[in-house]
Amino acid sequence: ESVTPPEVLREELDDLLLAAAAADTPVAELEFLDPLPEHALERAQHRLQAMRAVDKAGRLTEHGRRLFPLPLEPLFAHLITAMPDTTSQEAMVDLAATLSAGRRLLAAQPPDALEALTQWSPEPCDATTRIRLLRADPPPPVRVDKRALGEARSIADQTRTALRLGPRNANAPLPRDTLLRAALEAAPELAFVRRPKRQHALGNDEREIEVGRESRFPEDAVAAVVFDDHSIPGKGTTRTLAFGTCMAPVAPALLADLGLGSVEYGDPAREGDRIVIEKRRIYAGRVIASEPTEPAGAVLRRAAARLILAGELLDGAGERAQEDIAAWNLYLKLGLGKGEPADAEPWLGERLEQLGVESAEDLALIEAEDLRYDGIPE
């Protein structure tokens with residue numbers, strides 16, 4: 001693994017595991033002259049399980065049987081089957097074929113060719129550019145690798161025949177939004193966002209890439225679906241550098257809408273009789289969505305506890321609870337009683353739960369006297 005580019009190893013292991021499962025012999029039951037990288041093998045197993053291609057025992061599933069005959073690596077085959085309709089499935093076949101051809105479709109372009117390419121494929125998106133290149137030749141100034149393009153078209157034709165799809169059509173619709181949404185639903189790890197403090201880099205929860213030199217990914221885009229990347233050894237280091245070679249910009253809101261990342265809450269605030277708290281969705285260390293919300297349940301109880309201790313809710317209850325709890329903790333230290341020390345905020349949250357607080361309406365029924373801390377005996 002230390003001398004093999006990560007994306008090559010990833011593709012080879014995915015193919016190996018799927019082929020072994022198709023032969024009804026999971027990789028765990030095979031013997032190799034050199035042991036396979038254990039961590040990489042484990043990640044490949046998780047990837048194929050996430051694709052529903054193999055089960056936990058490494059056996060081929062029915063979905064895996066549909067993927068295996070396709071002349072594509074397992075991830076791309078999985079994305080094709082994940083498309084919601086024929087139009088997006090055909091588009092994904094064409095994109096996958098260009099990614100499986102193994103070489104760049106576009107050669108280095110002179111300035112006039114770049115302008116012609118932009119007019120012909122206006123979206124700053126590598127995925128749509130590749131699909132258009134597979135379906136039709138670009139204007140004459142644009143330079144293409146004819147050998148790679150021919151190989152990609154051959155793969156697309158084979159795949160379309162295997163899936164009983166129609167022939168390539170230069171005028172077929174290109175449902176970019178549908179394709180990208182379905183791809184992220186099927187393989188969330190393809191979502192990357194720019195690092196907040198390192199704008200040249202993008203990451204997901206596991207990996208980091210930089211924008212490839214030939215990519216059309218725009219400088220002001222925050223999020224991307226990265227269908228392919230290329231790794232090279234880093235100068236003077238033992239790690240590899242990955243560069244995105246097929247990147248499709250998407251709105252961060254799409255990642256949030258699909259539930260990617262985790263939810264965090266900011267500090268609560270009072271707005272009249274309401275408690276409002278900022279709800280943030282974080283992906284790869286970046287806020288991809290935020291909105292004010294009225295909390296409920298455990299989030300509401302934590303917010304109310306903070307406001308009570310800050311003196312912004314149930315006037316006097318927070319100060320008295322802190323004093324009583326501090327006295328109880330000192331009482332224990334002096335050896336005058338038995339029990340556990342307490343902390344004001346968690347105790348208030350637990351007390352509100354005991355009182356049945358689940359909503360703002362429940363909280364409105366609570367009085368300061370309900371939050372007395374019975375610590376030191378009278």
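The dialogue below goes through terms applied to this predicted model and the values behind them.

Visitor: What limits apply to the values in this predicted model?
Guide: Local features need pLDDT of at least 70 and side-chain atom pairs count only at pLDDT 80 or more, while totals for chains, interfaces and linings use all residues. Residues are numbered from 1 along each chain as its sequence is written, and side-chain values use heavy atoms, with hydrogens and water left out.

Visitor: Why is the pair D157 and R168 called a salt bridge?
Guide: The term requires a side-chain nitrogen of Lys or Arg within 4 Å of a carboxyl oxygen of Asp or Glu. The closest N and O atoms of D157 and R168 are 2.9 Å apart, so the pair qualifies. D157 belongs to helix α8 (residues 146–162) and R168 to the loop between α8 and α9 (176–186), eleven residues apart. Helices (H or I, at least four residues) and strands (E, at least two) are DSSP runs, numbered from the N terminus.

Visitor: Why does D157 count as partly exposed?
Guide: Buried means under 20% relative accessible area, exposed means over 50%, and partly exposed lies in between (1.4 Å probe, protein chains only). D157 has 31% and therefore counts as partly exposed. R168, with 29%, is also partly exposed.

Visitor: What is known of the salt bridge between E294 and R274?
Guide: Its N to O distance is 2.9 Å. E294 is in the loop between β9 (286–293) and α11, and R274 is in strand β8 (residues 274–283), 20 residues apart. E294 is partly exposed at 44%, as is R274 at 36%.

Visitor: How many salt bridges does a search of the whole structure find?
Guide: The search finds 21. Salt bridges also link E90, D94, R135 and R160 in a network.

Visitor: What makes a set of residues a nonpolar core?
Guide: Its members are buried Ala, Val, Leu, Ile, Met, Phe, Trp, Tyr and Cys residues joined through side-chain atoms within 4.5 Å. The largest one here has 45 residues, and those with the most contacts inside it include L79, M92 and L179. Helix α5 (residues 86–100) supplies seven residues, the largest share. A second, separate core of 24 residues includes I275 and Y373.

Visitor: Why are α4 and α5 called roughly antiparallel?
Guide: Angles run from 0 to 180 degrees between N-to-C directions, with axes fitted to C-alpha atoms, for helices over the stretch in contact. Under 35 degrees counts as roughly parallel, over 145 as roughly antiparallel, 65 to 115 as roughly perpendicular, and the rest as oblique. Helix α4 (residues 74–82) and α5 pack at about 170°, with their axes 8 Å apart, and are therefore roughly antiparallel. Contact means heavy atoms within 4.5 Å; among the residues making it are F76 and L79 of α4 and M92 and V93 of α5.

Visitor: How do you know that β1 and β4 pair?
Guide: Two strands pair if DSSP finds at least two bridges between them. Strand β1 (residues 191–194) and strand β4 (residues 223–233) have three, in the antiparallel sense. F192 stands opposite A224 in β4. The closed barrel of five strands runs β1-β2-β3-β5-β4, with mixed pairing.
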